[in-house]
Amino acid sequence: MSESHNLLPLLTPEEETETLEVEEPWAGERLDIFVAQGAQISRAQAKKWIEGGRVWGGEGLWLSPSRRLRLGESVSFSPPPLMSALPQAQPELLPLDILYEDSDLLVLNKPRGLVVHPGAGVQQGTLVNALLAHCQDLSGIGGVERPGIVHRLDKDTSGLMVVSKNDAVHLELSRQFAQREVHKLYQALVWGVPQPPCGLIEQPIGRHPQERKLMAVRPKGREAKTTYKVLEAYGDRYAWLELHLYTGRTHQIRVHLSWLGYPLVGDPLYKPRPNPWQLAGQALHCAQLAFTHPRSGQRLEFEAPAPEILQNILRQLRESY
């Protein structure tokens, strides 16, 4: 298949488009990986967009997912319309902790144990099911299984998420995530006390060479950058950390801290070990989220306290150490 075609996509006036410029370190990267990151979709979805004529550059359509990008190029894409004929997640009346809502988006505090969107083996009881019952106007870029979902948190990671109600807002929020304009601050309970008490972890992350469902620090992985700071230390056994994500790789915090030698308490995947509280799932919480409202241009900032189960553990640790 050729890399480009000198035709432009046939779009209806209602279809939204987004254009991103190729900056370092994206020069030399595959087109499908760049589109997946920029649109906050899976790589498989990006491939379908490209081969379906929904991604183009200055010379016309780009039809090869493996096309290597050049510094300074502009990549435009238009998400396919939501296809109502496909199986859709069903609305469910589930409680939502909504901190902010307007006609364009909402911000919520996701609890531990809640899956974000339907997937293999999980079709009910997800955040998407709850959102569909709460409001009918959700963006369709993520498809029928992920309406409104701009970014996600793992099932047992609690904390702040932003949800889009229309495609234009979805695209702009996705751009902000891709360009690292969104502020995300996490808190985590880890085994041991990191030394030094604050620092930078800058190690590339890629797919684990043996366990395909896991990620790992890999020499040829994608850039990943995390800063950490010890907020409280409990002897030399545990520490409560503050973490700032500069990139958004899958399982980034869990992989980086495990690599550093201080895995998350309760993490079932990365250096798991029994914990005295029988905490199921990683002790990780997104405590702060800030972004620019796509319509008003106002900078919105949100905070959410750690869930009660983690606060109870911290109280016990303070009394014991």
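Predicted model: local features only at pLDDT ≥ 70, side-chain atom pairs only at ≥ 80, totals over all residues.
**Exercise 1.** Which parts of the chain does the salt bridge between R43 and D32 tie together?

Solution. 
1. Start with the contact: the closest N and O atoms of R43 and D32 are 3.1 Å apart. A salt bridge requires a side-chain nitrogen of Lys or Arg within 4 Å of a carboxyl oxygen of Asp or Glu, so the pair qualifies.
2. Look at accessibility. R43 has 42% relative accessibility and is partly exposed. D32, with a relative accessible area of 2%, is buried.

**Exercise 2.** How many residues apart in sequence are the parts that D104 and R295 tie together?

Solution. 
1. D104 and R295 form a salt bridge in which the closest N and O atoms are 2.6 Å apart.
2. D104 is found in the loop between strand 6 (98-101) and strand 7 (105-110), and R295 in the loop between strand 15 (284-292) and strand 16 (299-303). The pair therefore ties together parts that are 191 residues apart in sequence.
3. Classify each partner. Buried means under 20% relative accessible area, so D104 at 4% is buried. Exposed means over 50%, so R295 at 60% is exposed.

**Exercise 3.** Are R315 and E308 buried, partly exposed or exposed?

Solution. 
1. The two side chains meet in a salt bridge, with an N to O distance of 2.7 Å.
2. R315 has a relative accessible area of 36%, which makes R315 partly exposed.
3. E308 has 48% relative accessibility and is also partly exposed.
4. Elsewhere, salt bridges with shared partners join R152, D154, R254 and D267 into one network.
5. For the whole structure, the search finds 14 salt bridges.

**Exercise 4.** How many disulfides does a search of the whole structure find?

Solution. 
1. The search of the whole structure finds 0 disulfides.
2. Take C135 as a case: the nearest cysteine sulfur belongs to C286 and is 20 Å away.
3. C135, at 6% relative accessibility, is buried, whereas C198, at 46%, is partly exposed.

Definitions and conventions: Residues numbered from 1 in each chain as written. Heavy atoms only, no water. Buried < 20%, exposed > 50% of the residue type's maximum accessible area, 1.4 Å probe, protein only. Helix = DSSP H or I, 4+ residues; strand = E, 2+ residues; numbered from the N terminus. Disulfide = S-S within 2.5 Å.
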